[in-house]
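User: I have a structure open and would like to learn how to read it. Could we go through it one feature at a time?

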Amino acid sequence: MSGLLAGKRLLVTGVITDASIAFSVAKIAQEQGATVVLTGFGRLSLVERIAKRLPSPAPVIELDVTDASQLASLQDKVREHVDGLDGVVHSIGFAPQSCLGGGFLDAPWEDVATALQVSTYSYKSLAAACLPLMQSGGSIVGLTFDATKAWPVYDWMGVAKAGLESASRYLALHLGKQGIRSNLVSAGPLRTMAAKSIPGFEQFEDAWSERAPLGWDLQDTSAAGKAVCALLSDWFPATTGEVVHVDGGYHALGA
Ligand SMILES: NC(=O)c1ccc[n+]([C@@H]2O[C@H](COP(=O)([O-])OP(=O)(O)OC[C@H]3O[C@@H](n4cnc5c(N)ncnc54)[C@H](O)[C@@H]3O)[C@@H](O)[C@H]2O)c1
């Protein structure tokens, strides 16, 4: 099989619908020659149904990134399908409603803690769970939404993403000696299930549609998917701790 990811064994988290960024990653990765194993959270039968829409049906392993026992057994479950991993994709985010939509000053710590555990700490948890499978080095890639700025309505999810961006740099620091890279793709707004749960998300949609220098398609997850696949490939061998913007150029603009 030829392609950018020929022979690569990848674990892709975060597929819930075919609009998920992770679905695009898995599809493009398979088209580029990778073997893909998915993880699914909660509605497993739904994820299994979506997985059948990929070019090659992919196995689905149950994984709640806050569940220590599921993280501990992940490596054995992955080994039922592949003998190791060359890449891992973290495409996971969640925040309770109180953390989004303008309630920054009122969100209780319990809700903020959930947002940080699922959206930030899990990047480290997933990497650690997969480490025994990455004996020959590899690439870990996550998804962020530009956390260098405070956005209206994004609130504690923005704080979680700032933490994620930092956690990725620390993983780069701690895993570099093992030949493992950690990078993030900073995507512009995309109409996924996670995005639809953010009250006021249409503000981002309007801003990007009007201002992104390259234009921006709110439904097209393929640009983010391609960038993730590029970072999983051998074509960024000396890049780690990086955030690659896939946002139509929006981040480069002034106010
Ligand atoms: N959609 C956007 O506008 C946008 C922009 C930039 C970055 N992102 C990021 O992209 C990533 C993927 O989100 P998406 O937009 O494709 O939405 P999505 O709803 O398709 O995917 C989010 C995924 O997170 C999973 N998840 C939630 N809690 C989990 C848990 N405890 N354990 C394991 N998985 C869990 C869900 O099952 C789902 O598959 C997220 O990190 C998101 O913040 C999204």
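## Reading the model

Analyst: Start with confidence. The model is predicted, and pLDDT is the predictor's own confidence in each residue, from 0 to 100.

User: What is the mean pLDDT of the protein, and what share of its residues reach 70 or more?

Analyst: The mean is 97, and 99% of the residues reach 70 or more.

User: Next, salt bridges. How many does the structure hold?

Analyst: The general idea is a side-chain nitrogen of Lys or Arg within 4 Å of a carboxyl oxygen of Asp or Glu. This structure holds seven salt bridges. One of them joins arginine 9 and aspartate 86, whose closest N and O atoms are 2.9 Å apart. This pair links distant parts of the chain: arginine 9 is in strand β1, while aspartate 86 is in the loop between α3 and β4, 77 residues apart.

User: Are arginine 9 and aspartate 86 buried or exposed?

Analyst: Both residues are buried.

User: Which residue does glutamate 205 meet in a salt bridge?

Analyst: Glutamate 205 meets arginine 191, at 2.8 Å from N to O. Glutamate 205 lies in helix α7 and arginine 191 in the loop between β6 and α6, so the pair ties together parts that are 14 residues apart in sequence. The two ends are read separately for burial. Glutamate 205 is buried because its relative accessible area is 10%, whereas arginine 191 is partly exposed because its value is 34%. Salt bridges can also share partners, and such bridges join Arg9, Asp83 and Asp86 into one network.

User: Now the aromatic rings. How many aromatic pairs are counted?

Analyst: The count comes to 11 aromatic pairs. To read a pair, look at the distance between the ring centres and then at the angle between the planes. Phenylalanine 104 and tryptophan 156 have their ring centres 4.3 Å apart and their planes at 10°, so this pair is stacked. Phenylalanine 104 is in the loop between β4 and α4, tryptophan 156 is in helix α5, and the two are 52 residues apart. Phenylalanine 104 has 32% relative accessibility and therefore counts as partly exposed.

User: How is the pair of tryptophan 151 and tryptophan 208 arranged?

Analyst: That pair is tilted, with 5.6 Å from centre to centre and 45° between the planes. Tryptophan 151 lies in the loop between β5 and α5 and tryptophan 208 in helix α7, so the pair ties together parts that are 57 residues apart in sequence. Tryptophan 151 is buried because its relative accessible area is 16%. Tryptophan 208, at 2%, counts as buried as well. Both tryptophans belong to one aromatic cluster, formed by Phe145, Trp151, Tyr154, Phe201, Phe204, Trp208 and Tyr250.

User: Last, the ligand. How many residues surround it, and which are the closest?

Analyst: The ligand is surrounded by 26 residues, and the closest are Gly14, Ser20, Lys161, Leu190 and Thr192. For detail, look at individual atoms. A polar backbone atom of glycine 14 is 2.8 Å from an oxygen atom of the ligand. For leucine 190, a polar backbone atom is 2.7 Å from a ligand oxygen atom. Valine 65 has a backbone N or O atom 3.0 Å from a nitrogen atom of the ligand.

Definitions and conventions: Residues numbered from 1 in each chain as written. Predicted model: local features only at pLDDT ≥ 70, side-chain atom pairs only at ≥ 80, totals over all residues. Heavy atoms only, no water. Helix = DSSP H or I, 4+ residues; strand = E, 2+ residues; numbered from the N terminus. Buried < 20%, exposed > 50% of the residue type's maximum accessible area, 1.4 Å probe, protein only. Phe/Tyr/Trp six-rings, centres within 6.5 Å; stacked < 30°, edge-to-face > 60°. Near = heavy atom within 4 Å. Polar contact = N/O pair within 3.5 Å; in protein donor to acceptor, adjacent residues only side chain to side chain.
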